[in-house]
Amino acid sequence: MSFKKAMLLLEDKSFFLGRSFGAEGEVMGEVVFNTCMSGYQEILTDPSYFGQIITMTYPLIGNYGVNDEDVESTKPFAKGFIVRDYKDRTSNWRSQETLDSYLKKNKIVGIDNIDTRFLTRKLRTRGALNGIISTIDFNPESLYEKLKVFPTMEGLDLVKDVTPKERYDWNQTDKWISERFKSEGDFKVAVIDYGVKWNILKILTALGCKLTVFSAFSNADEILSIKPDGVFLSNGPGDPAAVSYAINPIKELFGKVPIFGICLGHQLMGLASGAKTFKLKFGHHGGNHPVKRLETGEVEITSQNHGFAVDYDSIDKSNWEVTHINLNDKTVEGIRHKKLPIFSVQYHPEASPGPHDSGYLFKQFCELMKSN
Ligand SMILES: NC(=O)CC[C@H](N)C(=O)O
């Protein structure tokens with residue numbers, strides 16, 4: 001492992017000198033913090049992080065290595081990775097390589113030896129900030145010149161960069177998932193892939209769903225042509241309001257088939273219902289977010305990764321009800337149509353990484369498909 005220098009500079013001109021790990025080079029993105037204590041591999045490979053630089057609040061990163069089972073997509077999508085203390089020595093029987101070599105192979109720039117507590121407190125106070133990590137330029141002035149023309153996340157359609165060009169079938173699951181989720185029947189499900197995490201596809205498969213995965217550019221007729229029992233709207237990167245081409249197809253599906261959406265899928269569902277989305281100050285990224293399920297009063301500890309949210313006041317309450325709220329900031333975490341079999345959640349019931357409290361939502365989707 002190298003012991004080269006790396007520098008992180010934020011758009012407020014503060015800069016941090018650290019040590020380079022992973023690939024060398026220069027990257028820009030929106031800096032967000034994630035509070036998960038483990039799961040760096042799932043986080044790095046979640047396509048929803050496309051365009052972002054992630055800092056982990058948990059200080060020791062790398063100590064269980066990397067394996068080829070815990071990925072959420074084909075490659076890491078995060079632009080860069082900031083940690084307090086990178087550990088090159090792996091202590092886990094599942095480890096196949098070090099995080100350093102995995103990031104090098106995938107050309108992801110990392111920086112360690114950063115005071116991530118200070119950085120996180122800054123992001124909490126100031127809100128998410130754009131940042132640049134460099135292993136080739138250590139002049140704050142010139143780094144700032146490059147960063148200041150980098151666009152903000154608001155208004156960015158990043159789905160177009162990660163959605164598949166062609167439709168494909170999915171029929172894989174994992175042993176540990178099929179121990180948790182038993183088949184609920186035989187369903188044909190159309191998944192709209194805005195940047196889907198594989199764990200969602202694996203859980204749906206274990207529940208008995210045959211999946212056809214569509215590009216975000218598909219129209220309602222293409223989706224309905226396979227005669228699906230249900231449609232799933234996936235997670236994905238960027239500003240939901242900028243993914244304008246995805247909204248009408250969802251609207252056209254309302255009333256024709258049960259629909260379940262997660263994260264970006266939930267935000268697009270909200271936009272299709274006529275509600276508005278807005279940018280949160282620093283977003284929710286972690287595995288410890290308390291969400292209240294209003295129907296039962298139960299609290300679920302949830303896995304989250306989003307920077308935007310559906311605006312409560314803009315929801316058409318005559319047709320839609322808010323089913324879940326975030327107990328930290330009272331933002332909307334779930335909506336459901338009052339008559340049609342349509343619902344969505346802002347958080348990640350598939351976890352990976354994260355607690356499993358919300359797994360029931362996948363079964364709820366199967367129930368809707370059964371009774372439809
Ligand atoms: N995980 C996701 O789907 C994220 C949704 C959206 N890109 C946001 O940041 O709010």
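This is a predicted model: local features need pLDDT of at least 70, side-chain atom pairs count only at pLDDT 80 or more; totals for chains, interfaces and linings use all residues.
Two strands count as paired if DSSP finds at least two bridges between them. The protein has 11 helices and 19 strands.

**Overall build**
- Of the 372 residues, 50% count as buried.

**Strand β13 and its partners**
- Strand β11 (residues 187–193) runs parallel to β13, and four bridges join them.
- A190 has V231 of β13 as its bridge partner.
- Strand β14 (residues 259–262) is parallel to β13 and is joined to it by three bridges.
- Between β13 and β14 the chain passes through helix α9 (residues 247–253), in a right-handed β-α-β crossover.
- In a regular strand, side chains alternate between the two faces of the sheet.
- In β13 (residues 230–233), G230 and F232 are on one side, V231 and L233 are on the other, and all are buried. Both faces of this strand are therefore covered, given that a residue is buried if 20 or more other C-beta atoms lie within 10 Å of its own.

**Ligand shell**
- The residues around the ligand are S48, N235, G236, P237, G238, P240, C263, L264, N305, H306, G307 and F308.
- Strand β16 (residues 299–310) gives the most to this shell, with four residues.
- By class, the shell has five nonpolar residues, seven polar residues and no charged ones.

**Annotated domain**
- An unreviewed UniProt entry annotates residues 4–134 as "domain: Carbamoyl-phosphate synthase small subunit N-terminal".
- Over residues 4–134, the chain is 18% helix and 34% strand.
- The end C-alpha atoms of that stretch are 11 Å apart.

**Backbone spots to check**
- K227 lies in the loop between α8 (220–224) and β13. Its phi is near 50°, a positive value in a residue other than glycine.
- K227 counts as exposed because it has 8 C-beta neighbours inside 10 Å.
- A351 lies in the loop between β19 and α11. Its phi is also positive, about 55°, although A351 is not a glycine.
- A351 counts as buried because it has 20 C-beta neighbours inside 10 Å.
- P353 is placed in the loop between β19 (342–345) and α11 (360–371). A cis peptide bond joins S352 to P353, with omega about 0°.

Key
Residues are numbered from 1 along each chain as its sequence is written. A residue is near a molecule or strand if its C-beta atom, placed from the backbone, lies within 6 Å of it. Helices (H or I, at least four residues) and strands (E, at least two) are DSSP runs, numbered from the N terminus. Ala, Val, Leu, Ile, Met, Phe, Trp, Tyr, Cys and Pro count as nonpolar, Asp, Glu, Lys and Arg as charged, and the others, Gly among them, as polar. UniProt positions are given in the numbering used here, feature names are shortened, and annotations may be inferred rather than shown by experiment. A residue is buried if 20 or more other C-beta atoms lie within 10 Å of its own, exposed if 12 or fewer, and partly exposed in between; C-beta atoms are placed from the backbone. A crossover is right-handed if, with the strands pointing away from the viewer, the path from the first strand over the helix to the second runs clockwise.
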